[in-house]
Amino acid sequence: MGSVGMKKTATLLCVPLMAKSAEGMVSGMNQAKAQGADVVEIRLDCIDNFHPQKDLEIILKDKLLTTLIVFRPKWNGGFYEGDEHGRIEALHLAKDLGADYVEFELKVASKFMEEHRNSPSRGTKNIVSFYVNGETPSEQELKYIISSMQETRANIIKLVTNAADITELPRIFNLFSICQVPLIAYSSGERGLISQILSPKYGGFLVYGSIDGDSIPGLPTLASLIEVYKVDCINKDTKVFGLISKPVGHSKGPILHNPVIRHVNFNGVYVPMFVDDLQKFFSVYPSPDFPGFSVGIPYKEAVIEFCGEVNQLAQSIDAANTIIRRPSDGKLIGYNTDCEAAITAIEDALVRAHRCTNGKTSLNSPLKDKLFVLVGAGGAGRALAFGAKSRGAHVVVFDIDFDRAKSLACAVSGEVRNFEELAKFQPEKGAILANATPLGMHPSTTRIPVSEASLADYELVFDSVYTPKKTILLKEAETAGAIIVSGVEMFLRQAIGQFNLFTERQAPEELMREIIWDKF
């Protein structure tokens with residue numbers, strides 16, 4: 001399945017600048033150039049007390065990068081509230097002063113370009129734009145908007161939506177193939193993030209990224225586009241792997257998977273996918289261009305019903321964290337790489353500790369006959385419970401949802417307790433504690449409600465949370481003398497299993513471990 005093509009894509013990297021002064025715009029242009037941008041979008045409507053002649057001369061004189069001048073009025077989502085004639089004249093002045101691109105809204109474009117068709121422009125190209133307010137229109141309506149913009153005879157056209165659901169994005173992707181001029185098209189917001197990252201795959205003219213220290217919600221950083229996603233290497237043949245989750249912003253999967261995908265010379269990219277509805281998602285993304293997915297919170301159990309087949313381990317756990325689209329028939333196959341990842345991480349830590357203590361290694365699992373206290377009965381919890389049971393441990397399950405905890409406890413011949421009892425629960429000496437809830441995940445770093453005193457009774461404490469690398473729970477457990485295992489180790493091991501399934505190649509484990517400890 002696909003080797004990396006070395007040909008670089010023609011998609012440009014653009015940084016939007018929204019400084020409050022012309023001097024601030026020049027400073028931002030310097031930063032953007034230093035960080036690898038090709039183009040800067042100058043938002044004139046953000047400049048306080050804007051004086052067209054003076055400010056444009058400052059911005060455009062000796063410009064270091066290609067410039068795209070935008071002057072958005074309030075009626076189109078911008079900040080400018082003044083005279084419309086003055087706004088249009090400022091854009092015309094930008095052309096006279098040597099701007100590379102000037103953007104006009106579809107509403108005014110035809111009139112402006114007709115009036116200035118014979119004016120010298122020093123090579124300035126016109127971009128005609130349309131910003132959609134509210135729900136993304138149907139594909140037919142979007143085609144009509146594209147056609148209307150093309151009729152203005154613009155050099156480039158630009159369409160921006162604000163997706164309420166990731167399933168709206170294919171409507172945008174489908175526009176690139178019918179457009180007869182270069183197209184900039186994307187959706188803003190977290191659910192639209194992949195429309196920026198994947199723009200080169202569909203032939204987008206440019207993609208937006210923010211510079212360091214000037215993050216914009218829902219916009220990838222310029223550094224991530226260049227270093228993590230390597231958008232200059234994304235092309236029409238690139239396979240897209242995604243993390244299906246809600247939320248998804250916390251994931252460091254792209255930081256790990258993308259460099260490894262490139263390392264084995266595979267033409268693929270791994271992206272975060274904020275998914276609200278699994279059924280809609282799988283019905284709208286049936287393409288073989290999307291051959292595999294990681295599955296995160298809260299979908300590891302729910303995703304099973306959308307799989308045509310489920311591998312034996314995932315079926316017994318009734319949770320999957322990996323989905324592969326079978327090339328022969330497009331059927332979705334569910335797998336679980338969480339189970340062995342978590343349990344072997346715990347086992348290896350116990351084996352190392354026992355070897356240091358008495359120098360002996362048992363043939364049995366170090367979990368055999370241990371009390372395994374599990375907090376959380378969701379997808380990750382199920383993987384831990386079934387893994388612990390398979391090693392001969394006795395599992396006790398706590399979860400806010402008592403019925404869910406009871407169901408899991410029954411499935412592994414374990415014991416269920418009310419979540420409220422956790423704070424006073426006193427385990428037997430040498431027990432294992434495993435957190436499989438999001439408690440402790442950045443930015444909410446609250447630990448699970450076990451008593452501080454009880455931590456000394458656990459031989460080992462495992463936390464499935466991996467951001468931060470060492471959670472408050474792990475810090476307190478370490479202070480209490482317990483062996484600790486970070487969710488980073490589980491994350492690494494499950495990612496190795498996923499990578500092998502995604503690419504049908506052997507994961508470079510040492511490289512992946514290096515990336516984990518360097519970047520996480």
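Let me begin with a definition: a residue is buried under 20% relative accessible area, exposed over 50%, and partly exposed in between, with a 1.4 Å probe and protein chains only. The model is predicted, so local features need pLDDT of at least 70 and side-chain atom pairs count only at pLDDT 80 or more, while totals for chains, interfaces and linings use all residues. Residues are numbered from 1 along each chain as its sequence is written, and side-chain values use heavy atoms, leaving out hydrogens and water.

A salt bridge here is a side-chain nitrogen of Lys or Arg within 4 Å of a carboxyl oxygen of Asp or Glu. Searching the whole structure gives 30 salt bridges.

Consider Lys370, which is buried at a relative accessible area of 17%. Its side chain meets that of Glu459 in a salt bridge, 2.3 Å from N to O. This pair links distant parts of the chain, 89 residues apart: Lys370 lies in the loop between α13 and β15 (371-375), and Glu459 in strand β19 (residues 458-463). Helices (H or I, at least four residues) and strands (E, at least two) are DSSP runs, numbered from the N terminus.

Next, Asp289 and Lys201 form a salt bridge at 3.1 Å, N to O. Asp289 is partly exposed, at 21%, whereas Lys201 is buried, at 5%.

In the pair Glu347 and Arg391, the closest N and O atoms are 3.0 Å apart, and both residues are buried.

Finally, a network of salt bridges links Asp348, Glu489, Arg493 and Arg513.
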